[in-house]
Structure formats: C-alpha cells, structure tokens
Amino acid sequence: MQTFTLEQVAQHITTSSCWVIIQNKVYDVTDFLFDHPGGANVILRYGGKDATAAYVPIHPSDALDKNLAPEKHLGALDSESIKRLKELGKNKVQTKDELRVEEALKNKPPLQRIVNVEDMEEVAKKILPYKALAYYSSGGDDCITHVENGRAFGRFFFHPRVMKPVSQCNTSTTILGYKSTIPVYISGAALARLGHPLGEANLTRGAYKTGIIQMVSSNSSLSYAEISAARVSLDQPLFFQIYKHVDDATAERRIREIEGLGYKAVFLTVDALVPGNRELDIRAPHYLEDFENQGLPTQKKLDGDEGEIDRLGTAGGLVIKNDADMTWEKTIPWIRSITKLPIVIKGIQCVQDAVLACEAGCEGIVLSNHGGRQLEYSLPPIELLYRIRQQRPDVFEKTEVYIDGGIRRGTDVVKALCLGARAVGLGRVFLYAQSAYGEAGVVHVVRILEREIRFGMQSLGVRSISELVPQMVERVDWEPVTRAKL
C-alpha cells in the first residue's frame, strides 16, 4: 500500500485536487465534491487535513466503498505522520463545548431518577454536543408545528368506563404482522452516533430487550449490515425507512441490499423531498465558530459563493439527493417491481392522500409532518387521524394506520389507538435516550411508556388494545392546557 506524508496530503486542497485523511487512510475525493449531498464546501473545509472526527459520527463504515472508486482509495499515512497526528490529538486543547459536555456528563443523574420522557430529553440536551443537539432538536421555521404536534393531544379528552375487570391488561399488538409488546415502534431517525459512539446498535439491542420494533433510517450512521448484525436474534424484525434516491439504480440497490439483510418492510418517506428550513441546525457551524473562536477549519468557498449562507445544515445535506418527482402512479408500482416487502407511506398529511395510499394498495400509512421539521403549519398528526376517522373511516379497514410526532405520554399513545391508529412511532425520544444512557436508556423509555399505556388502558376500563374505540375520546374546542412540570 502506498504511503503519504501529512505534507503531501496538505497540497491537495482545491476543487481540482482534493484529498482527505480518514482514520489514517488517504482518499482522493475530487470527483465526489459536487456529488456530495451536503455540497462541495463541506468537504473542502477539510481538504488536505484529517477529517476523521467530523466524518465518522455521521457516516456508516461502508460509505467510502459505496461512493468512491477503488482507485480513489490512495493509500495510508506513513508511520511518522500517524505518530504526529496522535501527538496533535494528545495536545489538542478542549473546546468550550467539549468542556461543557464533560461537566454535564459528570453531573448526569442516575437512570432511575428519569421518571418520564421529558426527563430523558432534558438530560440529553445537557450532555449532547451542540452539533448533535442542533440536529436532533431543530424544527422547521419558527418550530410552531413541532410544538403544536404535542399540544394537539391536549385537545382530546377521555370517556373512561368504570366497574370493568382490568387486572389482566395486555398492551401487546402486531405491526404488519410482527409482534410488539406495546403499540410503539422506534421511528427512523438519522445519525444516532452523533449522540453516542454505538449509535443505532443501542436502538437495535434496546428494541430486542423490550420486544418492540426498530425502523432503521436511510441516513443511519451505522451501515445497514452493521445494524442487522447488532440484532441479538435473527428473528428480530427490522423495518427500513427509505428516502428514494433521485437515481433509480441507486434506490434499487439500497432496497435490494436491505431485503437481502432480512429487513421486513419499506417505509417510504414522502414528506421531506427537499431540505427543510431548520434554522437551529443551519446556524450550528456559525454558533460553534463564534462560541469557540477556534477549532473549526475555515470554511472554504467556491467561486461565486461569497456572502452566501449555507442553508442546508446537517439535515438538509441528507435529503438533497431525494427524488422530488415521485407520484402515486409511478413510484409505488416501481417499488413493487423490485421487492415483495410491504410498503408503508410515511408522511401522509391530508385525508385525500390517505385515501390514495389505500387505492395504491399500500400496506400501511404513517400520518406525519416529519416531527415538525419540514412544512410549517402542516396539521398535527393526531388532528389528521381524527379527521380521517370522521371523514373516511373506511381507511382503517383497508390499511394499517400509524402516527408519529408530539407523543410524550402513554395517554398520547392510547388516544391515537382509540381513534384507529395501529401503533405510534417515536424518533427523537429514542435518540435522546440512547445519547444519554445508551442501550439502557432505550430500555428505560420503553418501560416508562409501557407503564403509562397500561395505566391508561386500565383507567379506561379495557384489557386489550382491540377494546380501545373512538367513543372513548372526545375532541374539545378550548385551548389545551400546557403540560405542567412539578
């Protein structure tokens, strides 16, 4: 294998020749600059330098093999250069953000003190690096939709039945025919390694221990194979959330790969075709530059870029290659032609599209506005679920209906099930849990939700999920009460 010195690599910093170092290996990324989902500037920032720390948390291990031709894998650093990099790492001054995180980890409460989902979120927000926090917590525009997703549950009140035998209460259900101990699944959420070194593997193992199902993101920070291998048992079902790539051949390879790995369903995301305006995420690099006043390599600009603001952020870079021209008539039959896996449409935001998904023969739909991260003022999913129940109850007979967005309590889950949802998805919550406490955090959140769901069911007078019916909830017109913290 050919070796290079740091000085040799440092000469290649332009659009005509750009090299980077990742885990002591040298790569020529020149031809990939303008194909990079986050844009060429992101790579040029690390041109001629060691990009390992920035690269590893947000890229699966097979990304370089999939995106760079073999001849672009140039070789390795020589032993002297590796030694110098190690010394530089030892002598690196901790940034203010790293010091903040270090102090927060020292003061992190023991897991048993986390009594609800919001407790978990509060701890995670203290211990997460700013870049991770900005990505995980960001919402679209003014975050109104993100907030309203949760507030909307406050407009639905229960009609409990009493004097019912409920000592034997069963919270289990099935999702696409696969058993789940509670009507909750881990929704596809990208870049888990931003929050914890083991990333998605924490979610996989936590899901197995608690008997729920994990949906894996297209933009996971571990490879699809690594996540599959993290399963404790090959019987553990995994679902796959896919952003259809604009290039059909690339999209087909991805679907065939996950089917070969044993994934059990395809959740096609349709509500994030273009980058959202997630300003907290967009501002993150500039905040760090100002806050640290050091540490980040200077952003290189391409000709004509002066004065331009990078509007992508971490999130925008992940969806820039999505197919923005999907249609019911073209896309669903195309997916059917290359896989026999069930197809679920993730991102339904109106009654009409719920009906069209049924007509297209989709096995399920997820009512979702992408957690309030995309179109501001899209309807909260629980409100849309209510409208489907009122206007087109036949949808629930034709396909499985799920919702995600704003769910914080077991009572939120129970309300959704009363209105006809088969199960609900939680994404951010599990990212926060695994970031703060790893696999144990994931297990703890499931136990919290299981306890709250069982309490809600017993208080309503039911012993099984099938007994939850629309007559048990009522939508009120007054402004919902703000959730109180005692």
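**Close-ups of rings and cores**

This predicted model holds 12 aromatic pairs (Phe, Tyr or six-membered Trp rings with centres within 6.5 Å; planes under 30 degrees apart are stacked, over 60 edge-to-face, the rest tilted). Local features here need pLDDT of at least 70 and side-chain atom pairs 80 or more, while totals for chains, interfaces and linings use all residues. Residues are numbered from 1 along each chain as its sequence is written, and side-chain values use heavy atoms, without hydrogens and water.

**View 1. Tyr 136 meets Tyr 432.** The ring centres lie 6.4 Å apart with planes at 75°, so this pair is edge-to-face. Tyr 136 belongs to helix 8 (residues 130–137) and Tyr 432 to helix 20, 296 residues apart; helices are DSSP runs of H or I, at least four residues, and strands are runs of E, at least two, numbered from the N terminus. Tyr 432 is buried, with a relative accessible area of 2% (buried means under 20%, exposed over 50%, partly exposed in between, with a 1.4 Å probe and protein chains only).

**View 2. Phe 240 pairs with Tyr 263.** Here the arrangement is edge-to-face, 5.8 Å centre to centre with 85° between the planes. Phe 240 sits in strand 11 (residues 238–242) and Tyr 263 in the loop between helix 12 and strand 12.

**View 3. Now for the largest nonpolar core.** Such a core joins buried Ala, Val, Leu, Ile, Met, Phe, Trp, Tyr and Cys residues through side-chain atoms within 4.5 Å. Of its 98 residues, Leu 385, Phe 430 and Leu 468 touch the most other members.
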